[in-house]
Amino acid sequence: MRIGLAAGLAALALGAATSRGEAFPPPERPAACREVAAGADLAGLLADAAPGAAFCLAPGTYAGPLRVRAGVTIFGPRDAVLRSSGEGTTLRLEADGAALLGITVDGSGGRYDLLDAAVHVQAHDVRVEGVLV
């Protein structure tokens, strides 16, 4: 099932805390994960990634915007921050089976008429969990 902007943002919010303010446990780290240093060319890594690949981000900042066009997993702690310029969408999940786990996404635009978003989901079976926007 494809989900739109509003449903995608609701999924992000579910990963943060319960209605009583209790924090959910962080998402589980993928078993086979390629370590990515802060500041690395994440766009290049994603462009060359095969479906099923997993990238574990170290704490630090990564440049957006990004597109995930293969069913890959991006995992990291809250202090791994994907940041763009403040215009457009920061991260587009365009591949079935993609996953975004635990990181922070910052810098999306505010043009709702253009569907600017921190995370825009455009695929089936996508998992977004524990992400801070």
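Residues are numbered from 1 along each chain as its sequence is written, and side-chain values use heavy atoms, with hydrogens and water left out. Because the model is predicted, local features need pLDDT of at least 70 and side-chain atom pairs count only at pLDDT 80 or more, whereas totals for chains, interfaces and linings use all residues.

**Exercise 1. Describe the largest nonpolar core and the elements that build it.**

Step 1. Begin with the terms: a nonpolar core is a set of buried Ala, Val, Leu, Ile, Met, Phe, Trp, Tyr and Cys residues joined through side-chain atoms within 4.5 Å, and buried means under 20% relative accessible area, exposed over 50%, and partly exposed in between, with a 1.4 Å probe and protein chains only.

Step 2. The largest core has 26 residues, and those with the most contacts inside it are Leu46, Leu57, Val68, Leu93, Leu100 and Ile103.

Step 3. Two or more residues each come from α2 (42–48), β2 (54–57), β4 (66–68), β6 (80–83), β7 (91–93) and β10 (119–121), where helices (H or I, at least four residues) and strands (E, at least two) are DSSP runs numbered from the N terminus. The most is given by α2, with three residues.

Step 4. Apart from this core lies another one, of six residues, among them Ala54, Cys56, Phe75 and Leu101.

**Exercise 2. Find the disulfide and state which parts of the chain it links.**

Step 1. A disulfide is a pair of cysteine sulfur atoms within 2.5 Å, and by this rule the count comes to one.

Step 2. The disulfide joins Cys33 to Cys56, with an S to S distance of 1.8 Å, and with 105° about the S-S bond the link is right-handed.

Step 3. The pair links distant parts of the chain, 23 residues apart, since Cys33 is in the loop between α1 (5–14) and β1 (34–36) while Cys56 is in strand β2. Both Cys33 and Cys56 are buried.

**Exercise 3. Why do Leu91 and Thr89 count as buried, and what do they reach?**

Step 1. Leu91 lies in strand β7 and counts as buried because its relative accessibility is 0%.

Step 2. Leaving aside neighbours within four places in sequence, Leu91 is in contact (heavy atoms within 4.5 Å) with Leu66, Val68, Leu82, Leu100, Ala118, Val119 and His120.

Step 3. Thr89, in the loop between β6 and β7, is buried because its relative accessible area is 8%. Its side chain reaches the backbone nitrogen of Ala117 at 3.2 Å.

Key:
Polar contact = N/O pair within 3.5 Å; in protein donor to acceptor, adjacent residues only side chain to side chain.
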